[in-house]
Amino acid sequence: MYKIEDEKYIRAKEKVAELRKFYGSLVSYVIVISFLAALNYYTNEWRYAWFLWAAFGWGIGLVFQAIKAFSVNPFFGKNWEKRKIQEFMQEEEQKDRWE
């Protein structure tokens, strides 16, 4: 049977893994987009900045990954989750009283 410390450790380890994955993606983004920008400048000297399409597309994915990694979801964050769990537990408790 798991102890509370074990569960906390597992959650912390998962959080660190998500943060590591995000930072790795961020470094890859900066390196690849910088390379594409340099290639874009070399080929047409900014007459058409096509590298921005790749930066924008990949950037959207990176934003969603950051939201997940840093738990910054304004709609369904941790507080919302805790409140709902408490609400459902209270509902079950009410049902048990009346049965």
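The model is a predicted one, where local features need pLDDT of at least 70, side-chain atom pairs count only at pLDDT 80 or more, and totals for chains, interfaces and linings use all residues. Residues are numbered from 1 along each chain as its sequence is written, and side-chain values use heavy atoms, with hydrogens and water left out.

Next I asked: is phenylalanine 56 buried or exposed? It counts as exposed, at 57% relative accessibility (buried is under 20%, exposed over 50%, partly exposed in between, with a 1.4 Å probe and protein chains only).

Then I looked for a nonpolar patch (nonpolar side chains joined within 5 Å, each residue with over 30% relative accessible area and no salt bridge; a salt bridge puts a side-chain nitrogen of Lys or Arg within 4 Å of a carboxyl oxygen of Asp or Glu). I found one on the surface that includes Phe56, Ile60 and Phe64, with about 930 Å² of accessible area together for the whole patch (Shrake-Rupley method, 1.4 Å probe). Helix α2 gives the most, five residues.

Last, I turned to aromatic pairs (ring centres within 6.5 Å; planes under 30 degrees apart are stacked, over 60 edge-to-face, the rest tilted). I noted six pairs by this rule. Tyrosine 41 and tryptophan 46 make a tilted one, 5.4 Å centre to centre with 45 degrees between the planes. Tyrosine 41 is partly exposed at 43%, and tryptophan 46 is partly exposed at 43% too. Ring pairs also link Phe22, Tyr23 and Phe70 into a cluster.

How values were computed
Patch = residues over 30% accessible without salt bridge, like charges linked within 9 Å, V, L, I, M, F, W, Y side chains within 5 Å. Helix = DSSP H or I, 4+ residues; strand = E, 2+ residues; numbered from the N terminus.
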